[in-house]
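Student: I would like to go through this model term by term. For each label, please set the value against the cut-off.

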Amino acid sequence: IRYYLIIFPLLFVFAGSLFVKWHSFSRLHWVALSIGFVYLAASIWSYFPYYIPYFNETIGDRKNAYLYLADSNLDWGQGRYALEVYLQDYPSAQYEPDKMVSGLIVISPNALVGVTESPAKYAWLRENFEPVDIIAYEYLVYDISPFSFEEQCERTKFCK
């Protein structure tokens with residue numbers, strides 16, 4: 001994003017110029033602005049109480065946020081308590097396993113994409129499976145059946 005930072009001041013000036021004559025807006029303009037404001041407020045409020053990993057709806061499913069950004073953009077440890085509760089509720093879940101396994105796996109997006117771990121460590125998970133859930137919009141949950149695990153092992157180089 002650092003390459004685009006120089007454009008931001010120009011966008012701010014342009015956005016401000018849209019409201020120079022706000023007192024002469026038609027009813028349609030006010031309705032459109034109101035709808036946009038309500039949409040923005042609802043979008044932001046839907047992440048309550050975990051606002052740090054906020055993305056608007058352009059990414060599609062919220063589990064896809066790690067495909068666009070990682071590191072401090074998603075994870076400041078704000079979901080640690082929710083992770084602990086999840087791991088207590090699902091004792092069979094494995095948090096960032098050291099080896100390839102099947103079952104319920106919970107992983108930080110930073111470890112998954114290679115920010116805090118070697119990118120090769122979780123390449124088998126990242127390249128072959130999709131997350132099924134997300135905890136606090138931060139931790140990704142994978143549910144890998146033994147059958148699909150074995151199937152992926154046969155098709156890929158990761159188990160060899």
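Tutor: Start with burial: buried means under 20% relative accessible area, exposed means over 50%, and partly exposed lies in between, with a 1.4 Å probe and protein chains only. The model is predicted, so local features need pLDDT of at least 70 and side-chain atom pairs count only at pLDDT 80 or more, while totals for chains, interfaces and linings use all residues. Residues are numbered from 1 along each chain as its sequence is written, and side-chain values use heavy atoms, with hydrogens and water left out.

Student: Why is Lys 63 called buried?

Tutor: Its relative accessible area is 18%, and because that is under 20%, Lys 63 counts as buried. Lys 63 sits in the loop between H2 and H3, where helices (H or I, at least four residues) and strands (E, at least two) are DSSP runs numbered from the N terminus.

Student: Which residues does Lys 63 contact, leaving aside neighbours within four places in sequence?

Tutor: They are Pro 131, Val 132, Asp 133, Ile 134 and Leu 140. Contact here means heavy atoms within 4.5 Å.

Student: What makes the pair Lys 63 and Asp 61 a polar contact?

Tutor: A polar contact is a pair of N or O atoms within 3.5 Å; within protein, one must be able to donate a hydrogen and the other to accept it, and residues adjacent in sequence count only if both atoms are side-chain atoms. The side chains of Lys 63 and Asp 61 are joined at 2.9 Å, so the distance meets the limit of 3.5 Å.

Student: Where is Tyr 54, and why is it called partly exposed?

Tutor: Tyr 54 is in the loop between helix H2 (27-45) and helix H3 (80-89). At 26% relative accessibility it falls between 20% and 50%, so Tyr 54 is partly exposed. Not counting residues up to four places away in sequence, Tyr 54 touches Leu 40, Ser 43, Ile 44 and Tyr 47. With Ser 43 there is also a side-chain to side-chain polar contact of 2.8 Å.

Student: Which peptide bond is cis?

Tutor: The one joining Phe 48 and Pro 49, with omega about 0°. Pro 49 also belongs to the loop between H2 and H3.

Student: How do you know whether Asp 71 and Ala 136 are buried or partly exposed?

Tutor: Asp 71 has a relative accessible area of 41%, which puts it in the partly exposed range. Ala 136 is at 10%, so it counts as buried.

Student: Why is Asn 128 called buried?

Tutor: Its relative accessible area is 19%, so it falls under the 20% limit. Asn 128 lies in helix H5 (residues 123-128), and its side chain reaches the backbone oxygen of Trp 124 at 2.8 Å. Ala 123 is also in helix H5 and counts as buried at 5% relative accessibility.

Student: Where is Phe 8, and how is its accessibility classed?

Tutor: Phe 8 is in helix H1 (residues 8-17). At 30% relative accessible area, Phe 8 is partly exposed.
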